[in-house]
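Colleague: I have a model open here and would like to talk it through with you. Could you take me from the overall picture down to single residues?

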Amino acid sequence: MAKRGHGWSGAAAERGEAEEGEDPLDARIARSGCLEQHRQLQECMAERRDWRHCQEQVRAFGACMARRQQRQR
């Protein structure tokens with residue numbers, strides 16, 4: 001399956017702006033330790049095309065990010 005980036009990275013490419021390396025948000029999520037939950041959410045969204053059908057993945061990603069914030073405090 002092709003990697004799906006975030007909306008603004010595609011918009012930059014459409015405007016002819018060169019993309020250098022990884023999407024900054026993807027890199028930040030990877031550093032958070034929540035990359036797997038994010039990938040599962042992206043896959044669900046690509047398949048279902050409606051975030052309301054991906055609530056399990058939304059909750060898992062949100063919980064992972066919340067745990068990360070708690071560890072940083």
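**Surface, helices and loops**

Modeller: Let me start with the surface: this is a predicted model, and the accessible surface of the protein chain comes to about 5,800 Å², of which 50% belongs to carbon and sulfur atoms.

Colleague: What percentage of the residues count as buried?

Modeller: Of the 73 residues in the protein chain, 23% count as buried.

Colleague: And how many helices and strands are there?

Modeller: The protein chain has 4 helices and 0 strands, so that, read from the N terminus, the order of elements is α-α-α-α.

Colleague: Let's look at H2. Which of its residues are buried?

Modeller: Helix H2 covers residues 24-32, and its buried residues are Asp 26, Ala 27, Ile 29 and Ser 32.

Colleague: What covers them?

Modeller: The cover over the buried residues of H2 includes helix H3, residues 35-48, and helix H4, residues 55-72.

Colleague: What happens at the two ends of H2?

Modeller: At its start, a side-chain oxygen of Asp 23 comes to within 2.7 Å of the backbone nitrogen of Leu 25, while after the helix comes Gly 33, which has a positive phi near 90°.

Colleague: Changing topic, where is Arg 49?

Modeller: Arg 49 lies in the loop between H3 and H4, and its phi is near 60°, which is a positive value in a residue other than glycine.

Colleague: Is Arg 49 buried or exposed, and why?

Modeller: Arg 49 counts as exposed because its relative accessibility is 68%, and the cut-off for exposed is over 50%.

Note on methods: Residues numbered from 1 in each chain as written. Predicted model: local features only at pLDDT ≥ 70, side-chain atom pairs only at ≥ 80, totals over all residues. Heavy atoms only, no water. Buried < 20%, exposed > 50% of the residue type's maximum accessible area, 1.4 Å probe, protein only. Areas by Shrake-Rupley, 256 points an atom, 1.4 Å probe, with all protein chains shown as cover. Contact = heavy atoms within 4.5 Å. Polar contact = N/O pair within 3.5 Å; in protein donor to acceptor, adjacent residues only side chain to side chain.
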